[in-house]
Amino acid sequence: MQRRTLACSVSAAVSRRRARRGSSAALLGAALAVLAASSAESAAAPPDDRAGREEGDGRPPPVGTELFSAGIDLEIAGRTLSYTDLLSENLRTYEVLGVPMPSVRGELYPLARSALPVLRDLGVALSYARAVGLDSEGAGGESVSTSWSRLHAGLRGRFRPAGPAGPVLFATGGLCWIDFDVEPTGDPSRDAASVSYVTLRLGVDGRLPVGPVALEAGAGYQAPLSMGALASHFREPSAGGVDLRLAVAVPFAPGIEARAGASYTRFFYDFDSEPEDAFIAGGALDQLFGVHLGVAYHGY
């Protein structure tokens with residue numbers, strides 16, 4: 001009787017050990033299955049959302065995550081200069097249209113490939129444009145040599161509120177140089193059209209993907225640090241400036257897009273003229289505008 005009870009106890013203990021070994025094996029198998037599934041998902045997902053899905057589905061990385069970009073444009077530009085409350089007869093308006101103005105531009109984000117959440121989206125921007133074949137009309141209708149150039153350099157930051165493939169917002173701060181120089185003729189009414197703006201510019205831009213294309217818009221305020229010959233003809237001149245731009249971008253190859261757009265810059269003057277001054281006007285309005293076609297490359 002004792003031998004049978006002992007045998008039953010030993011048999012029950014063996015059964016319990018086998019059950020525990022079976023449970024442990026089942027748990028180990030389940031853990032291995034979960035680990036394998038996680039590894040498969042990690043292999044299928046891109047290592048960095050900023051890099052886009054180029055290898056996975058053939059699409060290039062989204063604009064707004066690039067390391068650098070560069071572009072060239074041909075702008076057809078124009079300028080008008082007019083006065084408000086003009087009382088003296090020795091000033092005249094100025095107008096020129098249809099001026100070819102090639103331009104180049106570039107942006108660089110040195111830390112774009114890093115994992116730093118803010119610094120990777122800080123960069124520098126540079127652009128330069130110069131008119132070709134520009135002349136003005138002097139006294140008697142003769143041609144007067146005229147030059148027109150534009151340079152912008154500054155810091156640029158970008159922000160993607162809806163992720164890499166969504167809209168991109170930009171903030172820019174820097175200096176602008178706009179030089180419009182008419183060869184001196186000795187006639188103040190014509191020479192006053194010369195300006196040499198150096199401005200501090202603060203601006204915001206946005207890029208919105210719409211299907212296969214992208215729409216862009218931007219605006220800025222320019223605070224003149226110097227104004228050139230025009231302001232020197234008047235007593236206590238003050239000025240300010242604003243600019244607007246619109247563009248559409250159409251990708252046609254990996255990293256390359258065609259671009260078309262328009263820009264408008266407006267400088268407004270206020271003069272404190274007195275009746276005894278040689279030039280009497282309440283203010284002036286200097287408008288620069290253009291339409292452009294070009295191509296841009298985005299490098300990752």
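Predicted model: local features only at pLDDT ≥ 70, side-chain atom pairs only at ≥ 80, totals over all residues.
## Reading the model

Residues are numbered from 1 along each chain as its sequence is written, and side-chain values use heavy atoms, with hydrogens and water left out. Local features need pLDDT of at least 70 and side-chain atom pairs count only at pLDDT 80 or more, while totals for chains, interfaces and linings use all residues.

The protein has a mean pLDDT (the predictor's confidence in each residue, from 0 to 100) of 84, and 79% of its residues reach 70 or more. Residues 1-21 have pLDDT below 50 and, beyond near neighbours in sequence, 0 contacts (heavy atoms within 4.5 Å) in the model. Residues 34-56 are also below 50, but that stretch has 20 such contacts.

## The nonpolar cores

A nonpolar core joins buried Ala, Val, Leu, Ile, Met, Phe, Trp, Tyr and Cys residues through side-chain atoms within 4.5 Å; buried means under 20% relative accessible area (1.4 Å probe, protein chains only). The largest core has 31 residues, and Tyr 83, Trp 148, Phe 180, Leu 230, Phe 234 and Tyr 269 touch the most other members. Among the elements supplying at least two residues each are strand S1 (68-84), strand S7 (195-210) and helix H4 (229-232); helices (H or I, at least four residues) and strands (E, at least two) are DSSP runs, numbered from the N terminus. Strand S2 gives the most, with 4 residues.

A second, separate core of 5 residues includes Leu 67, Tyr 109, Val 168 and Phe 170.

Key. Buried < 20%, exposed > 50% of the residue type's maximum accessible area, 1.4 Å probe, protein only.
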